[in-house]
Amino acid sequence: MPYAHITGWGTSVPEPVLTNDDIAKMVDTNDEWIRGRTGIRERHIAREDQSTATLAVEASLKALELANLAPTELDLIIVSSSSPEYIFPATACLVQDQIGATKAGAFDLLAACSGFIYATNMAAQSIRSGSIKNALVIGSETLSRFVDWKDRGTCILFGDGAGAFVLQASDKPGGVLSAVMHSDGSGADTLTLLGGGARHPATETTVLEGKHFIQMDGKAVFRFATRVMGSATREALELAGMTTDDVDLIIPHQANYRIIETAAKYLKMPMEKFVVNVDRYGNTSTASIPIAAVEAFEKGTLKSGNKVVFVGFGAGLTWGALVAEWTGPIPTKKHVYTIQYRLFARLRSFFRRALRFIEGIFSRREL
Ligand SMILES: CC(C)(COP(=O)(O)OP(=O)(O)OC[C@H]1O[C@@H](n2cnc3c(N)ncnc32)[C@H](O)[C@@H]1OP(=O)(O)O)[C@@H](O)C(=O)NCCC(=O)NCCS
């Protein structure tokens with residue numbers, strides 16, 4: 001049975017920064033309160049010309065370049081997002097087109113902030129089963145577009161960004177070692193975005209009622225999160241035949257510093273083993289784990305061969321954890337320049353659209 005290794009990674013974070021002081025100019029809050037309750041100092045907010053798909057494409061190209069894997073070699077693309085480009089088509093299909101992944105299947109996955117763990121596990125299981133060889137997993141969000149900037153209970157929390165992993169089959173042991181995924185829909189109403197779906201299609205009333213914004217019972221989410229972070233970590237470690245002593249690094253979902261601290265206490269592990277960057281990015285939902293992982297790697301905290309646990313929770317309610325041995329690129333002589341593929345993808349997309357247009361003219365004549 002092949003192993004599923006993480007062989008490439010990349011992020012894309014918009015440059016514009018929104019500080020706590022900036023938010024204090026919009027709602028009745030202050031830097032001290034936000035930092036004290038959440039650990040957040042600032043977050044990045046997408047420019048008008050950026051979106052969930054554009055951030056996903058940028059992160060993906062970086063991940064593929066590092067893995068030295070051509071987009072044309074991808075078998076599967078999964079985009080995890082709670083702020084997809086559209087209800088449909090899937091953001092994953094837009095990424096497939098824009099990077100030129102000619103033979104890849106593509107779909108979106110919605111498991112909120114736990115989504116990156118779910119998606120990585122799904123891709124790893126497809127590789128482990130032998131049905132595919134190369135997968136691209138992306139967590140991408142522009143939640144700033146769905147935040148009510150008049151609601152101080154939520155607008156202080158979220159930020160935009162994307163992170164991507166390339167997963168590849170290999171006979172060498174390692175890569176994704178175990179994972180657990182959980183859900184509890186009885187808590188569905190604690191964190192929601194109700195408008196625009198089948199239950200509440202967009203109308204003037206849904207807009208006036210604020211149904212197109214994120215709504216949250218912060219205290220309930222906090223209690224739930226502190227309960228599941230530690231237990232999911234232990235469960236995934238047990239499945240991998242490991243204990244907390246075997247873990248080099250925990251990379252948790254970056255929602256709130258206090259939630260991470262509580263998980264550390266529960267697991268009796270020092271905070272030094274936890275990657276924390278919520279102070280500079282806020283909660284980027286499903287993108288937070290890959291962004292934290294890539295940053296830890298770039299800082300030298302996360303190294304090849306390290307045993308890591310990714311653990312997260314979110315709306316649904318959902319939660320999960322995944323244990324992996326961090327690999328790094330599979331040695332190869334070739335060097336993939338993704339910029340060439342980006343160009344090729346644009347041309348290919350243009351010609352396919354033109355062909356579809358011409359086909360439309362001729363089929364109309366035949367009718
Ligand atoms: C949102 C969160 C920071 C709020 O912290 P809290 O300690 O629960 O605060 P509360 O909502 O009980 O509010 C306490 C007081 O602060 C006030 N307050 C709320 N937001 C505020 C803000 N941004 N600035 C200043 N005061 C604020 C409240 O009105 C309340 O005032 P009152 O006591 O006079 O009524 C916290 O509940 C949390 O982090 N929850 C988890 C959310 C999360 O992670 N969501 C994403 C999941 S993926």
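**Helices, sheet and ligand**

Guide: Helix α3 (residues 52-67) and helix α4 (residues 91-99) have axes that come within 9 Å and cross at roughly 50 degrees. Axes here are lines fitted to C-alpha atoms, for helices over the stretch in contact, and angles run from 0 to 180 degrees between N-to-C directions. Because of that angle, α3 is oblique to α4; angles under 35 degrees count as roughly parallel, over 145 as roughly antiparallel, 65 to 115 as roughly perpendicular and the rest as oblique.

Visitor: Before we go on, what kind of model is this, and how are residues numbered?
Guide: This is a predicted model: local features need pLDDT of at least 70, side-chain atom pairs count only at pLDDT 80 or more, and totals for chains, interfaces and linings use all residues. Residues are numbered from 1 along each chain as its sequence is written. Helices (H or I, at least four residues) and strands (E, at least two) are DSSP runs, numbered from the N terminus.

Visitor: Thanks! Is the crossing of α3 and α4 left-handed or right-handed?
Guide: Right-handed. A crossing gets that label if the near helix is turned clockwise from the far one by less than a right angle, and left-handed if anticlockwise.

Visitor: Which residues make the contact?
Guide: From α3 they are T52, A53, A56, V57, S60 and L61, and from α4 they are T91, L94, V95, Q98 and I99. Contact means C-beta atoms, placed from the backbone, within 7 Å. By class, there are 7 nonpolar, 4 polar and no charged residues. Ala, Val, Leu, Ile, Met, Phe, Trp, Tyr, Cys and Pro count as nonpolar, Asp, Glu, Lys and Arg as charged, and the others, Gly among them, as polar.

Visitor: And how do α7 and α8 pack?
Guide: α7 and helix α8 (residues 257-267) pack at about 40 degrees, with their axes 9 Å apart. That angle makes α7 oblique to α8. The contact includes F222 and M229 of α7, and I259 and Y266 of α8. Its residues divide into 7 nonpolar, 4 polar and no charged.

Visitor: Switching topic: what surrounds the ligand?
Guide: There are 21 residues around the ligand, and the closest are T29, R152, G218, F222 and A255. A residue is near a molecule if its C-beta atom, placed from the backbone, lies within 6 Å of it.

Visitor: Which element gives the most?
Guide: That is α7, with 5 residues. The shell as a whole has 11 nonpolar, 7 polar and 3 charged residues.

Visitor: What about the sheet, in what order do the strands come?
Guide: An open sheet of 4 strands runs β8-β13-β12-β11, with mixed pairing. Strands pair if DSSP finds at least two bridges between them. The edge strands are β8 (175-183) and β11 (249-252). From one strand to the next, the twist averages 15 degrees.

Visitor: How many bridges join β12 to β13?
Guide: 8 bridges, and the two strands run antiparallel. F313 stands opposite W319 in β13.

Methods
Contact = placed C-beta atoms within 7 Å.
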